[in-house]
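Please keep the sequence and the structure in view while reading.

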Amino acid sequence: MADVNAMEKKLAEYKCDTNEATCLKLVRFPDDLDDDGTTFHPEYSHQIFGDDEVAFGYKGLQIQLYYTAGNLSTLFKVKYSAKVKDTFDCVEVRNSVQTPLHVELYFSIYI
């Protein structure tokens, strides 16, 4: 029983709420990039991450998705403090994004 609790604790370290981990921003001016007041989180992320809206495999996951207001050019950035390296016999890893995005993502602001 103690082994199960230790495994649950270890697994919990690599789970995160994707609504909190995802940061969205609409950028109008270069100064908006550094303004945390213009950043918001989605209410729902089940369309990408499944019904439970949880991502597994990363500690401190941050997903940044920024758009320019004019032409919706995109910045997509993923940050994390650690990635799971252990193999867990009791966990089946599934790919959260069912269809890979074959879009070249870029970001530019014209001054």
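Predicted model: local features only at pLDDT ≥ 70, side-chain atom pairs only at ≥ 80, totals over all residues.

In which loop does D36 lie? D36 is found in the loop that runs between β2 (22-27) and β3 (39-40).

**The negative patch**
- Together with D31, D34 and D35, the residue D36 gathers in a patch of negative charge on the surface.
- D36 has a relative accessible area of 64% and is therefore classed as exposed, since the exposed class begins over 50%.

**The salt bridge**
- When the whole structure is searched, one salt bridge is found, and it is formed by E13 with K59, whose closest N and O atoms are 3.1 Å apart.
- The pair links distant parts of the chain, with E13 in the loop between α1 (2-12) and β1 (15-17) and K59 in strand β5 (residues 58-59), so that the two partners are 46 residues apart.
- Are the two partners buried, partly exposed or exposed? E13 counts as partly exposed because its relative accessibility is 43%, and K59 is likewise partly exposed, with a relative accessible area of 25%.

**The chain as a whole**
- The protein chain contains three helices and eight strands, which follow one another along the sequence in the pattern α-β-α-β-β-α-β-β-β-β-β.
- Among the contacts between residues at least 6 apart in sequence, 62% join residues that are at least 24 apart.
- How much of the protein chain is made up of buried residues? Of the 111 residues in the protein chain, 25% are buried, where buried refers to a relative accessible area under 20%.
- The accessible surface of the protein chain comes to about 8500 Å², and carbon and sulfur atoms account for 53% of that surface.

Key: Residues numbered from 1 in each chain as written. Heavy atoms only, no water. Patch = residues over 30% accessible without salt bridge, like charges linked within 9 Å, V, L, I, M, F, W, Y side chains within 5 Å. Areas by Shrake-Rupley, 256 points an atom, 1.4 Å probe, with all protein chains shown as cover. Salt bridge = Lys/Arg side-chain N within 4 Å of Asp/Glu carboxyl O. Lys, Arg positive; Asp, Glu negative; His and termini not counted. Charge placed at Lys NZ, Arg CZ, Asp CG, Glu CD. Helix = DSSP H or I, 4+ residues; strand = E, 2+ residues; numbered from the N terminus. Buried < 20%, exposed > 50% of the residue type's maximum accessible area, 1.4 Å probe, protein only. Contact = heavy atoms within 4.5 Å.
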